[in-house]
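Hi,

Here is the model I promised to pass on. Have a look, and my notes follow below.

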Amino acid sequence: MTQTLELVATTRIERTAARRKIDLRPAVFLAPFVVLVALFTYWPLIQLVYLSLFKLNRSGPDRFIGADNFLGVLDNAQFHDAAYNSLIYIFLSIPFKVFLPIPLAVFIWTMGAKLGNFYKAALFLPTLLSFVVVSIVWIWMLNPVMGLFQSVIGPLGLQMPSLLSDVASAIYVIIGVGAWKLIGFNILLYLAGLSAISRDYVEAMRLDGAGDWVVLRRLIVPLLSPTILFVAISTVVFTIQQVFTPIDVMTQGGPLNSTTNLFYLVYQYMFESFNVGYSAAGALLIFLLLGLIIAAKMIWFEKLVHYS
Amino acid sequence: MAPSMLKLSRPLMLVGHIILLVTALSIIAPLILVLGTSFKPANEIYGGLPWPRKFTLQNYYDVFEKLPFGRYLWNSLATTTLRVGGQLLIALFAAYAFARYNFPGRGLLFALVLGAMMIPPQLTFLPIYLLINKLGWFDTWAGLIVPNLAMPLAVFLLRQHLLAFPKELYDAAAMDGANELRILWSVVLPNIKPVMAALTVVLFVDCWNEYFWPLVITETDHAMTVQIGIRRFLDAERGDDLGPLMAAVTLISLPALAVFFACQRQIIQTFVSVGIKG
């Protein structure tokens, strides 16, 4: 008993001693990272709020105008187009980039290793290519005069429509190119999820006489649902951000704003109309939107996902 | 590859093969055509054949002749190397501090790391751009590198691996009189070689392929990277000079593809695991 008490006493003394002597080592190791993150991630966020509240001229913030920049952006027809297009980009991405890869992954999963690896390698290639390269290759293929598709259908007497300069089709081209780049990677993510599903479950269901479709619907999809949700979230984030490059390379937001999105508009406010206040206000509005998406993700996670 | 765990019926399997084959071809065929076109002489470019009848390297000479492509390559290579090196070092230090020490505010700081992962750089580009201008770093290597040196995802991944380390390992080394840097270098680093290698590949490809930030922060050959350079070339020619354009496309895609073909399976594994943890 006394021994225990003594032990407790000494540890307590040691602890206080350790507490008194502040250990600087973690601070030294953390300093570079913390300074950089503070300076280039968190400080800019605060700075955005500040910039968005001012009328700016060439020398910097001029006078406080409160919410005028926000109201101006929200009232701006370009912003409406961009917001609408962003929703189209997101919603059309779900079937092509999130759902379509599921059956493809299941097919690869049921194949032998040799063929499976060939498909995996082929589908993975676009992940390594830059979006600039991918955009250039597609511009070339779609070119109505000397593009690849034209050289295939030209001899048949057909004419390739100018898809990228048509208001009705340009955005779908960009969505398609984005899908071309991302599908393979999402398939690989699904394969990683599938590899965690035990063979015993499948066999047990087989013994009960379940067919392919039942196994897929009742077993594989539910067990895969955490992966599906993860892929959905990362695809949405990818789509909102990364689509900037094909927009800038292929259409510059045109024709008639039909392909612009929110990130691209915020960029244009800054570097084409030189309106710093609008750009800052627009960025904060996107931040709000992303916050909502992340909140929705948290809520959905609780409700929808079956954890094995 | 996991062994086949589900036997699909024959017709369904056939459908699967057809869909996969079409998808794979839609990816491989354009890439082969790009490669083929880059070796074609000018008079064959718009001909129907996918492969050159008369093989030539002229397009590759032209790329370096018509634009300062060597300079772009050098800018990309140097800034990517410096940036990835810096990212790894800074992330390793931070992850080590998080994993090894108990200090007040650790939880809060780590929450800030996780939070930073969710803030896309395209959101904060404006204040950073203004700051870089004030520092006089517009159109310089420093402007390309410094704002991107802190990589929260890398800290997150490395910390996870370091947490799996037994604390005794550190303590034993410390007792032998090794200082902290020594412990990092000769105890920690050899044990996390695989994850460091994986991170290096992912960060390198990520940085080499980056478009947005170089577009914002570079203007002349002084700092312009290959991705921006090839985009300018596209604008200048608008497809009139397809051979050199395709040669340039091939050249800038080559580093990542070469690494991929050298160690295929690990690369796929690497991207998937980093993607899942990110």
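Housekeeping: residues are numbered from 1 along each chain as its sequence is written, with chains lettered from A and ligands numbered from 1 in the order written. This is a predicted model, where local features need pLDDT of at least 70 and side-chain atom pairs count only at pLDDT 80 or more, while totals for chains, interfaces and linings use all residues.

Back to that pair: the axes of α3 (residues 69-100) and α7 (residues 152-163) of chain B come within 8 Å and cross at roughly 45 degrees, which makes α3(B) oblique to α7(B). Axes are lines fitted to C-alpha atoms over the stretch in contact, with angles from 0 to 180 degrees between N-to-C directions; oblique is what is left after under 35 (roughly parallel), over 145 (roughly antiparallel) and 65 to 115 (roughly perpendicular). Helices are DSSP runs of H or I, at least four residues, numbered from the N terminus.

Residues in contact (C-beta atoms, placed from the backbone, within 7 Å) include B:L88 and B:F98 of α3(B) and B:V155 and B:R159 of α7(B).

Between chains, 72 residues of A are in contact with 71 of B. On the chain A side, helix α2 (residues 25-52) gives the most, with 16 residues.

As for confidence, the predictor gives the complex an ipTM of 0.90 and a pTM of 0.88.

Cheers

Technical notes: Helix = DSSP H or I, 4+ residues; strand = E, 2+ residues; numbered from the N terminus. Contact = placed C-beta atoms within 7 Å.
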